[in-house]
Amino acid sequence: MAGSKEDAETVMAFFEDMKLRGLSDPMLVTSDGAPGIIKAIEVCFPRAARQRCLAHRMRNLAAKLPEDVWPEFKVRAQASYHAPSRAIARELAAGLVADYGKDHERAVACFMDDFEACIAHLRFPVTHRRAIRTTNLLERLFVEERRRLKIIPNAFGEHAVLKLMFGAMTRAAERWRSVKVTDFERRQMAAIRKELDDEYETQVGTRMMSSKDGTVAKKSSKIRT
């Protein structure tokens, strides 16, 4: 779908178009840190986990640290992002914050920003994590598109570009289908799906309770007035 920018309205329109064509809530959506994309994910796919692209995040961290500090910080950040579980990841992150928080506040603030989204992939089967913790699959499609357009001297229309991207995605999908999913991993993902659904229902219930409490408080305030 063609779009002029990555604001929330454009991305939501794109997601809603896919939903109208049959896409159900995915279990995980991976994106960079663009605010419009994050908002669109949360609005359109409320039952999905959101993964912050770790390739983008590591580049952001590297830009905020001196060259002599970066190698050790990088190892510790990666240890947290690639931990066996989210609980261990949080413990490792707390240690990093304690050791670097005083001298490198900007880098630590960046590391902790949206941290839960950075470790969302740790919910999923170990063999899947490398593929889902970055947007590299999507970035690879952009490379294919640029490689083809580079040899064409003049622009040749929106429709033709969309056809070109569709072709690139079809070829990429052929490789995606070669990923093996075991019966055990299917059971794992079914359990994760239920966990995500339960979390969503809890959030909805909490918001409804908060709304009711606010309404009651408002009425009570009126009566006292």
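A crossing of two helices is right-handed if the near helix is turned clockwise from the far one by less than a right angle, and left-handed if anticlockwise. Keep that handy for the exercises below, which use a predicted model.

**Exercise 1.** Work out how helix 9 and helix 10 are oriented to each other, and which hand their crossing has.

*Solution.* 
- Step 1: Helix 9 covers residues 136-149 and helix 10 covers residues 158-176; their axes come within 10 Å and cross at roughly 135°.
- Step 2: Angles over 145 degrees count as roughly antiparallel, and 65 to 115 as roughly perpendicular.
- Step 3: Now look at who touches whom: residues including Leu137, Leu141 and Arg148 in helix 9 meet residues including Leu164, Met165 and Trp176 in helix 10. Sorted by class, this contact has nine nonpolar, no polar and four charged residues.

**Exercise 2.** Find out what kind of aromatic pair Phe15 and Phe45 make, and which parts of the chain the pair ties together.

*Solution.* 
- Step 1: The ring centres of Phe15 and Phe45 are 4.9 Å apart and the planes sit at 50°. Stacked needs under 30 degrees and edge-to-face over 60, so this pair is tilted.
- Step 2: Phe15 belongs to helix 1 (residues 8-20), while Phe45 is in the loop between helix 2 (35-44) and strand 2 (49-52). The pair therefore ties together parts 30 residues apart in sequence.

Methods
Residues are numbered from 1 along each chain as its sequence is written. This is a predicted model: local features need pLDDT of at least 70, side-chain atom pairs count only at pLDDT 80 or more; totals for chains, interfaces and linings use all residues. Side-chain values use heavy atoms; hydrogens and water are left out. Axes are lines fitted to C-alpha atoms, for helices over the stretch in contact, and angles run from 0 to 180 degrees between N-to-C directions. Helices (H or I, at least four residues) and strands (E, at least two) are DSSP runs, numbered from the N terminus. Angles under 35 degrees count as roughly parallel, over 145 as roughly antiparallel, 65 to 115 as roughly perpendicular and the rest as oblique. Contact means heavy atoms within 4.5 Å. Ala, Val, Leu, Ile, Met, Phe, Trp, Tyr, Cys and Pro count as nonpolar, Asp, Glu, Lys and Arg as charged, and the others, Gly among them, as polar. Rings of Phe, Tyr and Trp (its six-membered ring) pair if their centres lie within 6.5 Å; planes under 30 degrees apart count as stacked, over 60 as edge-to-face and the rest as tilted.
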